[in-house]
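User: Hi, could you walk me through this structure in plain words? I'm still new to this.
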Amino acid sequence: IDRQGYIDTVLAGAAQIPKSWAAPGTWGYASDVFQAGYDALPALDQDLEAAKALVAESGAEGGTFTIGLIGEVPPLVAEGAMFQKAAEDIGLTAEIKTYPADQYISLFIDPAARADVDAWFTVAYGDFADPGIVLGQGLLPGGSLNYLPYDDAEVTELLGQARATADDAARAELIVQAQALAMADMPMIPVALPNNT
């Protein structure tokens, strides 16, 4: 994904390329541990040759997937076009299915409504000053944002240990380990981290 191109054109440069879903604004404690873990994550730079190799390795060349989006929201339409271009560049086809704004919410709450799409866009935000909660929403079985559903025993174990650990630094270390494993799997694709003022 050309994240920087999206940030520069659609978001007028007012964003950063993220490294995780647990953005720095969620680091309500042990921020030095979370910063070190975040810094250690690989940069999400566009690498078309590596992506083409992954597509070939998986046997998915020529495959098609469908992305849902709200047609009335220009940034989402632009993001959809960005994903279509990226797919085309690596030998895949991304089809877009547009929804009226009043029907889009059904993708988040009704599995039957999302049966015709493989992915859809959302603006995720951390309501908690705790990356363990933010990550758990999308990574733990039954999590409110875990739509795949993603289920990795080691990630679940690490986040469970973190929830049972009172020491802030030790808890943060466990969360950082879970974050690194999940980012390698990429069950959700972070695109941009908009600036907040």
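User: Let's start with helices H8 and H9. Which hand does their crossing have?
Analyst: The crossing of H8 and H9 is left-handed, and please keep in mind throughout our chat that this is a predicted model.

User: What residues make the contact between H8 and H9?
Analyst: From H8 the contact uses Glu154, Val155, Leu158, Leu159, Gln161 and Ala162, while H9 contributes Arg171, Leu174, Ile175, Gln177, Ala178, Leu181 and Ala182. Sorted by kind, the residues of this contact are nine nonpolar, two polar and two charged.

User: And at what angle do H8 and H9 pack?
Analyst: Helix H8, which covers residues 153–163, packs against helix H9, residues 168–185, at an angle of about 160 degrees, and their axes are 8 Å apart. Angles over 145 degrees count as roughly antiparallel, and H8 and H9 are therefore roughly antiparallel to each other.

User: OK, switching to the strands. In what order do the three strands of the open sheet come?
Analyst: The order is E3-E2-E4, and the pairing is parallel. Strand E3 (93–99) and strand E4 (119–120) are at the edges with a single partner strand each, so one side of each has no neighbour in the sheet.

User: How many bridges link E2 and E4?
Analyst: Strand E2, residues 64–70, pairs with E4 in the parallel sense over two bridges, and Ile67 has Ala119 in E4 as its bridge partner.

User: What about Thr66, is that one buried or exposed?
Analyst: Thr66, which lies in strand E2, has a relative accessible area of 15%; the cut-off for buried is under 20%, so Thr66 counts as buried. Leaving aside residues up to four places away in sequence, Thr66 touches Glu95, Lys97, Asp116, Val117, Asp118 and Ala119.

User: Now the loops. Where is the cis peptide bond that involves Pro149?
Analyst: The cis peptide bond joins Leu148 and Pro149, with omega at about -5 degrees, and Pro149 itself is found in the loop between helix H7 (131–139) and H8.

User: Which value does phi of Ala30 take?
Analyst: Phi of Ala30 is near 45 degrees, which is a positive value in a residue other than glycine. Ala30 is placed in the loop between strand E1 (15–16) and helix H2 (31–40), and Ala30 is buried, with a relative accessible area of 18%.

User: And where does Met186 lie?
Analyst: Met186 lies in the loop between H9 and strand E5 (193–194). Phi of Met186 is near 55 degrees, a positive value in a residue other than glycine, and at 25% relative accessibility Met186 counts as partly exposed.

Technical notes: Residues numbered from 1 in each chain as written. Predicted model: local features only at pLDDT ≥ 70, side-chain atom pairs only at ≥ 80, totals over all residues. Heavy atoms only, no water. Axes fitted to C-alpha atoms, helices over the stretch in contact; angles between N-to-C directions. Helix = DSSP H or I, 4+ residues; strand = E, 2+ residues; numbered from the N terminus. Parallel < 35°, antiparallel > 145°, perpendicular 65-115°, else oblique. Left-handed = near helix turned anticlockwise from the far one by under 90°. Contact = heavy atoms within 4.5 Å. Nonpolar A, V, L, I, M, F, W, Y, C, P; charged D, E, K, R; others polar. Pairing = 2+ DSSP bridges. Buried < 20%, exposed > 50% of the residue type's maximum accessible area, 1.4 Å probe, protein only.
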